[in-house]
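User: I would like to learn how to read structural features from coordinates. Can we work through one model together?

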Amino acid sequence: MKVTIFGTGYVGLVQAAVLADAGYDTVCVDVDPLKIAQLIKGHVPIYEPGLEALVNDNAADGRLRFTTEAAEGVAHGEVIFIAVGTPPDEDGSADLKYVLAVAGSIAEHMAAHKTVVVKSTVPVGTCDRVEARIRQGLAARGRADLTFDVASNPEFLKEGSAVADCMKPDRIVIGVSTGRAERTLRELYAPFNRNHEKIIAMDVRSAELTKYAANCMLATKISFMNEMANLADRLGADIERVRRGIGSDPRIGYHFIYPGIGYGGSCFPKDVQALIRTAGEIGFEAELLKSVEARNNSQKRFLVDKIVDVFGGDLEGRVFALWGLAFKPNTDDMREAPSRVIMEALWAAGARVQAYDPKAMEECARLYGDRGDLVLCPTQEAALDGADALIVATEWKSFHAPDFEAMKAALKQPVIFDGRNLYEPDVVARHGLSHHAVGRPATKSGRGSVPEEVVVLPSMAAGGAR
Ligand SMILES: NC(=O)c1ccc[n+]([C@@H]2O[C@H](COP(=O)([O-])OP(=O)(O)OC[C@H]3O[C@@H](n4cnc5c(N)ncnc54)[C@H](O)[C@@H]3O)[C@@H](O)[C@H]2O)c1
């Protein structure tokens, strides 16, 4: 079976490489000529573990090719995936212009039956619009005789483990309206469905909604825990103990209940917003989702408020080490990352930032360019040098067990703002550093984490401990 994938981003490129690896003759089409030129040269423009080798091996074997020519892509694929971006429009709804542009290209160039598979995350009813656009384009060409199916096949991969997720998916949701489309997709996914049945076939609208429901559920879990962390913070409880306490209930479970400084990335924020918007369009108030979004927006400022509590609102002349720029570990993606809210707030208050991230340095340079109040440091240790305090914004593996003694020696103030609750307060305190985490009692250097020993650093709050 020949496959074409429109869009070579996190979803399209990974899906293409994985399908090519399973033996499918695969062509990738993207409108970005720079991206395609890089891919042809063997340079993968995004970071995903295992992706570059998979792309280059399959390209070398001739099963994976790249082009900017839509006509070539449409002629090639019996199955054509649409995996282009669906960014939020100004009003928060999903902007479908890229998806519909691909539908237009398919109508313009197709000359035989095609199965068009919408993999982008799209609002309910989009597959109907894709079908209408193709039908309209074919009619305009006088080729209304050509047949095609449009199916929904939402993607559930996680950035940071996208290749592994795509190779061994938990489930493969397909939304189909014809037996022919279902047979084609079952055949296509057969190599990934050997161990046990993973295909969940349903109608197209349910499949479209399944993707939003999944992301909104996960976002809700995060915002719920962040709300609890705020309560713990004010009530003198330790959210990490609470987390273990509730996670032990199998109805709740331990997954996805880590408190932190908010979710980011290209999916949760925009998908929550888009579903709120979809609901609004049909006169339904998505009250819960609105709260999930509001909690997340304020959560991204959680550490900024802590920093102001400790250092005061005027941060002129202060320098902060920032560990972690990507919205989560194992990716270089900084879309909607909490690190950006933190950096921008620090800059607005007059501070400078010395940042380090294992993979997102190039992306940070691309986003913020050359500015005097940002130094991109070559190592996590270099970021600490002469900084007033450390902020941890992403839970990268290499941040989990730092050399606290060296950290203390490098920082001007022995203070950590731990946005991912990576460190045990007592351990940090034993090394002589103060620790401000999310929903955990703050500890002053040399003290334990038990509530009666909590100290909020009054000398520094007064701005005198520089
Ligand atoms: N990133 C994720 O973790 C993830 C997970 C599941 C679903 N999704 C969804 O998948 C879709 C794609 O996400 P992404 O992160 O891969 O996006 P991305 O922004 O990384 O990539 C999209 C690509 O589409 C290309 N493109 C735009 N218009 C095109 C056209 N007409 N023809 C060919 N290429 C075109 C862009 O140049 C870009 O390279 C979105 O709807 C997203 O919500 C993303």
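User: Leaving aside its neighbours within four places in sequence, which residues is Asp-203 in contact with?

Analyst: Some ground rules come before that. This is a predicted model: local features need pLDDT of at least 70, side-chain atom pairs count only at pLDDT 80 or more, and totals for chains, interfaces and linings use all residues. Numbering starts from 1 along each chain, as its sequence is written. Two residues are in contact if their C-beta atoms, placed from the backbone, lie within 7 Å. With that rule, Asp-203 is in contact with Gly-175 and Ser-177. The C-alpha atoms of Asp-203 and Val-176 are separated by 5.3 Å, at 27 residues apart along the chain.

User: Where is Asp-203, and is it buried or exposed?

Analyst: Helices (H or I, at least four residues) and strands (E, at least two) are DSSP runs, numbered from the N terminus. Asp-203 sits in the loop between S8 and H9. For burial, count other C-beta atoms, placed from the backbone, within 10 Å of the residue's own: 20 or more is buried, 12 or fewer exposed, in between partly exposed. Asp-203 has 11, so it is exposed.

User: How do I read the strands S7 and S8, and how many bridges join them?

Analyst: Start with pairing: two strands pair if DSSP finds at least two bridges between them. Four bridges join S7 (residues 172-175) to S8 (residues 199-202), and the two run parallel. Ile-174 stands opposite Ala-201 in S8. Next, the path between them. A crossover is right-handed if, with the strands pointing away from the viewer, the path from the first strand over the helix to the second runs clockwise. From S7 the chain passes through helix H8 (residues 179-189) to S8, in a right-handed β-α-β crossover.

User: Which way do the residues of S7 point?

Analyst: Ile-172 and Ile-174 point one way, Val-173 and Gly-175 the other way, and all are buried.

User: Why does S6 count as largely enclosed by the rest of the structure?

Analyst: S6 (residues 148-152) is largely enclosed because four of its five residues are buried. Five bridges join S5 (residues 114-118) to S6, in parallel. Val-116 has Val-150 as its bridge partner in S6. S5, helix H6 (residues 126-140) and S6 form a right-handed β-α-β unit.

User: What about S12, and which strands does it pair with?

Analyst: S12 (residues 389-392) is joined to S9 by four bridges, running parallel. Trp-323 stands opposite Val-392 in S12. S12 also pairs with S13 in the parallel sense, over three bridges. There, Leu-390 and Ile-416 are bridge partners.

User: How is a nonpolar core defined, and which members of the largest one touch the most others?

Analyst: A nonpolar core is a set of buried Ala, Val, Leu, Ile, Met, Phe, Trp, Tyr and Cys residues joined through C-beta atoms within 7 Å. The largest here has 128 residues, and Val-14, Ile-82, Phe-320, Leu-322, Leu-390 and Ile-391 touch the most other members. Helix H9 (residues 204-235) gives the largest share of this core, ten residues.

User: Which residues come nearest to the ligand?

Analyst: A residue counts as near a molecule if its C-beta atom, placed from the backbone, lies within 6 Å of it. Of the 26 residues around the ligand, Gly-7, Gly-9, Val-11, Ser-120 and Thr-121 come nearest. Helices H1 (10-21) and H5 (97-109) each supply at least two residues of the shell.

User: How does the shell divide by class?

Analyst: Nonpolar means Ala, Val, Leu, Ile, Met, Phe, Trp, Tyr, Cys and Pro; charged means Asp, Glu, Lys and Arg; the others, Gly among them, are polar. The shell has twelve nonpolar, nine polar and five charged residues.

User: What should I look for in phi?

Analyst: Most residues other than glycine have a negative phi. Glu-336 has a positive phi, near 60°. Its place is the loop between S9 (319-323) and helix H14 (338-348). Glu-336 is buried, with 20 other C-beta atoms within 10 Å. Asn-421 also has a positive phi, of about 50°. Asn-421 lies in the loop between S13 (415-418) and H18.
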